[in-house]
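Please keep the sequence and the structure at hand while reading.

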Amino acid sequence: MMKDAQQAGGIERRVRPRIPLPCAIIFGGGDFVAEGATVDLGTPGCAVQASDLPRLGDYLQLAILVPAYECPFSVGVARVRWVRSGCFGVEFLKMPGENQTRIAVLVQDHLSGTPSSLKPWYKSG
């Protein structure tokens with residue numbers, strides 16, 4: 001999977017787009033399981049708002065519940081790239097190809113302004 005951000009003088013900058021898409025998410029690793037809501041979503045990763053936060057560098061499994069789809073997007077392995085007050089960001093490392101495609105379509109539809117693959121609950125812009 002491609003990196004979500006590149007280092008530029010000690011500052012990470014995003015190289016692939018994410019879209020604002022609040023969805024319920026269940027995440028965990030080892031004995032840790034929690035839930036939250038995505039803040040944004042893209043093929044390389046997402047930002048999550050939660051009251052229980054993982055640690056920087058933790059590896060997690062995710063289930064992202066996007067209302068437009070019956071089945072959640074599953075991510076077999078995601079690495080916690082940053083943690084800030086009430087939020088954290090993950091990079092997707094292992095994800096089924098069909099889920100990568102579904103997320104890519106969501107992002108592309110949002111960016112093009114034609115969310116044809118989404119149900120009426122989602123409005124771009």
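**Strand pairing and aromatic contacts**

The model discussed here is predicted.

**Pairing around strand 4**

- Strand 4 pairs with strand 5 (residues 32-42) in the antiparallel sense, and 6 bridges connect them.
- The hairpin formed by strand 4 and strand 5 leaves 2 residues between the strands, and in this hairpin G30 adopts a positive phi near 65°.
- Strand 4 also runs antiparallel to strand 7, to which 5 bridges join it.
- A24 takes part in both pairings, standing opposite A37 in strand 5 and having L65 as its bridge partner in strand 7.

**Pairing around strand 8**

- Strand 7 (residues 59-65) and strand 8 (residues 73-84) are antiparallel partners over 5 bridges, and within this pairing I64 has F73 of strand 8 as its bridge partner.
- Strand 8 is joined by 7 bridges to strand 9 (residues 87-94), and these two strands run antiparallel; here the bridge partner of R79 is E91 in strand 9.
- The hairpin of strand 8 and strand 9 has 2 residues between the strands, and G86 takes a positive phi near 80° in this hairpin.

**Aromatic pairs**

- Searching the whole structure gives 3 aromatic pairs.
- One of them brings together F27 and F88, whose ring centres are 5.0 Å apart and whose planes meet at 65°; because an angle over 60 degrees counts as edge-to-face, the pair is classed in this way.
- Since F27 belongs to strand 4 (residues 24-29) and F88 to strand 9, this pair ties together parts that are 61 residues apart in sequence.
- Both F27 and F88 are buried, and together with F32 they form one aromatic cluster.
- Y69 and F73 make up a tilted aromatic pair, with 5.3 Å from centre to centre and 50° between the planes.
- F73, which is also the bridge partner of I64, has a relative accessibility of 0% and therefore counts as buried.

**Arginines over rings**

- The ring of Y69, which pairs with F73, also has the charged end of R102 sitting over it, at 4.7 Å from the ring centre.
- A further arginine, R84, lies over the face of W82, where the distance from the ring centre is 4.3 Å.

How values were computed
Residues numbered from 1 in each chain as written. Predicted model: local features only at pLDDT ≥ 70, side-chain atom pairs only at ≥ 80, totals over all residues. Heavy atoms only, no water. Pairing = 2+ DSSP bridges. Helix = DSSP H or I, 4+ residues; strand = E, 2+ residues; numbered from the N terminus. Phe/Tyr/Trp six-rings, centres within 6.5 Å; stacked < 30°, edge-to-face > 60°. Buried < 20%, exposed > 50% of the residue type's maximum accessible area, 1.4 Å probe, protein only. Lys NZ or Arg CZ within 6 Å of the ring centre and 35° of its normal.
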